[in-house]
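Visitor: I am new to this structure and would like to know what the labels rest on.
Guide: Then ask about them one at a time.

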Amino acid sequence: MSLAVKDIEGSSLRAVFFDLDGTLVDSAPDIAAAVNELMAGFGLAPHSLEAVRGMIGNGIGALVERAFATHGVALSRQEFRERHATMIDIYADNLTRLTTLRPGAAQALSAARKAGLRTGVVTNKPEGFSRIILSRFDLLAELDVVIGGDSGYPKKPSPEMLLAACRSCGCDAHEAMLVGDSAADVLTARAADMACTIVRGGYTSVAPEGLGADVVIDRLDELEARFFAACKAQ
Ligand SMILES: O=C(O)COP(=O)(O)O
Ligand SMILES: [Mg+2]
């Protein structure tokens, strides 16, 4: 266990930031439906839900590239721009049709608030889409900050989005934790010198234990007893 996690278990935790896709929400079914509508438009076969889960986490652009590359199609810059725009249009109409909240997500956020922590979402998904999804699940009001892949910072695994979330919550990286589901999240937290917890069952091709996180949990509502309770006692 890293020094950072030992510290925050000792109640110096002031903020908790969550990844969105695969962490707070299971959005892969809507993303897969949109990707497959895009594929069909180009006469390409649909991808399985499992395959699409493996393409999520580095932004919609990376997802579009991977979806075509898996069919052996390399896109020119112009083709990429057009298909990315089409994907955005398709997905915009289907953000919460099949998407569900991951178990314990709402409980974890409200427990963090009750413990007096600042809260945020740091995701590679566009910020506007993220806000719509969070609002649909009544989570937007529980958040101090939402930073998306188009909010003006380099995407995860660059640490900038996470550091911007810290600034906006008035805390230091050592006083915060990132809760995520994938390698991108662990790399982002490491680059920001922040503790990282991974929740099982998200979108990762590597087993959660192999990602190098400080802590691995089964469900988000484990965060309360593990980390937030000590803050409440302060
Ligand atoms: O890849 C995306 O668009 C978003 O993924 P994230 O919420 O896991 O960062
Ligand atoms: Mg994720």
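Visitor: In which helix is Y91 found?
Guide: This is a predicted model, and in it Y91 belongs to helix α5, which covers residues 77–92.

Visitor: Why is Y91 called buried?
Guide: Its relative accessible area is 1%. Buried means under 20%, so Y91 is buried.

Visitor: Which residues does Y91 touch?
Guide: Leaving aside residues up to four places away in sequence, Y91 touches S27, D30, I31, A34, I60, K125, F129 and I133.

Visitor: What makes the pairing of Y91 and K125 a polar contact?
Guide: Their side chains are joined at 2.7 Å. The cut-off for such a pair of N or O atoms is within 3.5 Å, and the contact of Y91 and K125 at 2.7 Å meets it.

Visitor: Is N94 buried or exposed, and how do you know?
Guide: N94 has a relative accessible area of 16%. The limit for buried is under 20%, so N94 counts as buried. N94 lies in the loop between α5 and β3, and a polar atom of its side chain is 2.8 Å from the backbone oxygen of I90.

Visitor: Why is helix α4 described as largely enclosed?
Guide: Of the ten residues of α4 (residues 60–69), seven are buried, so the rest of the structure largely encloses this helix. The buried residues are I60, G61, A62, L63, V64, A67 and F68. Their cover includes α2, α3, α5 and α7.

Visitor: What makes K156 and D19 a salt bridge?
Guide: The closest N and O atoms of K156 and D19 are 2.7 Å apart.

Visitor: Which residue forms a salt bridge with K125?
Guide: K125 forms one with D21, and the closest N and O atoms are 2.9 Å apart. K125 lies in the loop between β4 and α7, and D21 in the loop between β1 and β2, 104 residues apart. Both K125 and D21 are buried.

Visitor: Why are D218 and R200 called partly exposed?
Guide: D218 has 45% relative accessibility, and R200 has 28%. Partly exposed is what falls between buried, under 20%, and exposed, over 50%, so D218 is partly exposed, and so is R200. D218 and R200 form a salt bridge, with the closest N and O atoms 2.5 Å apart.

Visitor: How is the protein chain divided into domains?
Guide: The assignment gives domain 1 (3–27 + 99–232) and domain 2 (28–92). The contact takes 16 residues from domain 1 and 13 residues from domain 2.

Visitor: What does the rule find across the interface of domain 1 and domain 2?
Guide: The rule finds zero salt bridges there. For polar contact, the rule finds eight residue pairs (both at pLDDT 80 or more).

Technical notes
Residues numbered from 1 in each chain as written. Chains lettered and ligands numbered in written order. Predicted model: local features only at pLDDT ≥ 70, side-chain atom pairs only at ≥ 80, totals over all residues. Heavy atoms only, no water. Helix = DSSP H or I, 4+ residues; strand = E, 2+ residues; numbered from the N terminus. Buried < 20%, exposed > 50% of the residue type's maximum accessible area, 1.4 Å probe, protein only. Contact = heavy atoms within 4.5 Å. Polar contact = N/O pair within 3.5 Å; in protein donor to acceptor, adjacent residues only side chain to side chain. Domains from an automatic or database assignment. Salt bridge = Lys/Arg side-chain N within 4 Å of Asp/Glu carboxyl O.
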